[in-house]
Amino acid sequence: MTKYKLLDKQKEFIEIPHSQALDVAIYQGGYGSGKTWCGSLLGILLAHKYSGCKGLVGAKEYELVRKTTLVSYLDHLENLGFMPEKDYIYNKIDKIIRFSNGSEILFTALDDPEKFKSLNLHWAEIEEASQITDSSFKQLLGRLRNTYRGRDWLDFRYRLFGHTNPQADKGWIWKRFVEHSKENYRLIIAPTTNNIYLPPHFIQSMKESYDEEYYRINVLGEFGNYSSGLVVKGFSDENKLYLKYNNELPLHLTCDFNVDPMCWAIAHKDKENVYFIDELVLENTSTQQCIDEFIRRYPNHKSEIIINGDASGDNRSTQSEYTNYAIIKNALNSYGYKNVKFRLRNYNPPIMNRISSFNARVKNSQGERHLFVDPRRCKWILYNIYNLSFKEGTSIVNVPTHTQIKSSHELKFLEHPFDAISYLVEYYWRLRG
């Protein structure tokens, strides 16, 4: 059985310093500060201590729970010496861990508060709390009403706890835990530097990889106003270069499949840098017409062609020749390009992940630039870099409405060119926390 030695901030999160019947705690930490690890450990401690208790673990989407939080729970159970079938059973269909002492932990999505409206819980945990809505938070609070008590539950408290990277904007966590904090509402801020067990190079590598504002928020764990103003931060004339196409280097084609306009970008890259040399931004078009235009512009490419872009352009549940990427592959093969590779995510990452990865290439916290755009051939890419913004006070990208586009035609070209280029950047330089 593994013995754990908790960090100071993790102890602060697990222990309750007040005497009220309800404890609400958020562990807000930088990358590598042990957020999920600590939250799942607390859930197991509660299930073990209070025999017959009912707990819930959720996130905005179940996929996040399945791939992150649930894995952490099962790792803890193994490390702490709990035996499958003897001490607990994990039911994959019901998404429940049932313990031999009668305790249960349900794993679920929190996207729709109505789904858990009828539950009666003793405790609940939220993975990536900043991603859920305030209404989901309030609904969970209302579920902490199970009246069952074991005879040995002498110090029992209802508990709602979560962990998260800092919010990009000052949302419901800021409102409830800073602006209008109560004695039983606890915010534990844990910078990455608090984790003494991280390898020495870890912090330095993040300084090199992240832009300045992103580092302050997601490493130091501070609140910020990261999402105010423009989506792309730190871009300057130093990021603009007159670039040369080289037909003997791999050529990347990264795609967004909006029909009007359809937006693709063409780039070279190396280990650290990406060079956007051209763009395809066509109105009222099709995938076939776009790939035909690509072939017209690059008819004699000798090296491999690597396709990146929107994961939804590839319907992997079928082998249809009519998926967007199948159309691209067939056209390139028919023309004579046989060395075609696809580098795609299984699903599209959240927009903020793509934005953060993109900004880290534009300019990292040490002032280094690793993303370059040719101003002669990338008109709409630069238009997005200089104009795509967030809605004021939020981390929501301000996408023009149909009415706004009718008044100003160029607004039609906001968002989709950035989607295309950020798919590529996030794929190769994903920020990991």
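Let's call a residue buried when its relative accessible area is under 20%, exposed when that is over 50%, and partly exposed in between, using a 1.4 Å probe and protein chains only. Helices (H or I, at least four residues) and strands (E, at least two) are DSSP runs, numbered from the N terminus. What you have is a predicted model, in which local features need pLDDT of at least 70, side-chain atom pairs count only at pLDDT 80 or more, and totals for chains, interfaces and linings use all residues. Residues are numbered from 1 along each chain as its sequence is written, and side-chain values use heavy atoms, with hydrogens and water left out.

Two strands pair if DSSP finds at least two bridges between them. Strand β2 (residues 54-59) pairs with β6 in the parallel sense over four bridges, and glycine 58 has isoleucine 126 of β6 as its bridge partner. Strand β7 (residues 158-164) pairs with β6 too, again in the parallel sense, over five bridges. There, isoleucine 126 has glycine 162 of β7 as its bridge partner. To get from β6 to β7 the chain goes through helix α4 (residues 134-143), and this β-α-β crossover is right-handed: with the strands pointing away from the viewer, the path from the first strand over the helix to the second runs clockwise.

Zoom out and you see an open sheet of eight strands with mixed pairing, in the order β3-β4-β5-β2-β6-β7-β1-β8. Its edge strands are β3 and β8 (185-190), each of which pairs on one side only. From one strand to the next, the twist averages 15 degrees; axes here are lines fitted to C-alpha atoms, for helices over the stretch in contact, and angles run from 0 to 180 degrees between N-to-C directions. Strand β1 (residues 22-29) runs parallel to β7 and is joined to it by seven bridges, with aspartate 23 opposite arginine 159 of β7.

Helix α2 (residues 35-49) touches β1, β4, β5 (104-109), β6 and β7, and its direction makes about 160 degrees with that of β7. Helix α5 (residues 172-179) touches β1, β7 and β8, at about 110 degrees to the direction of β8. Which residues of α5 are buried? They are Trp172, Ile173, Trp174 and Phe177, and they pack against β1, α4, β7 and β8.

Most residues other than glycine have a negative phi, and most peptide bonds are trans. Lysine 95, in the loop between β3 (88-91) and β4 (96-99), has a positive phi near 60 degrees; this lysine 95 counts as partly exposed because its relative accessibility is 29%. Glutamate 415 has a positive phi as well, near 90 degrees, and lies in the loop between α12 (402-407) and α13 (416-428). Its relative accessibility is 21%, so glutamate 415 counts as partly exposed. As for the peptide bonds, a cis one joins aspartate 260 and proline 261, with omega about 0 degrees. Proline 261 is in the loop between β9 (251-256) and β10 (262-269).

Conventions. Contact = heavy atoms within 4.5 Å.
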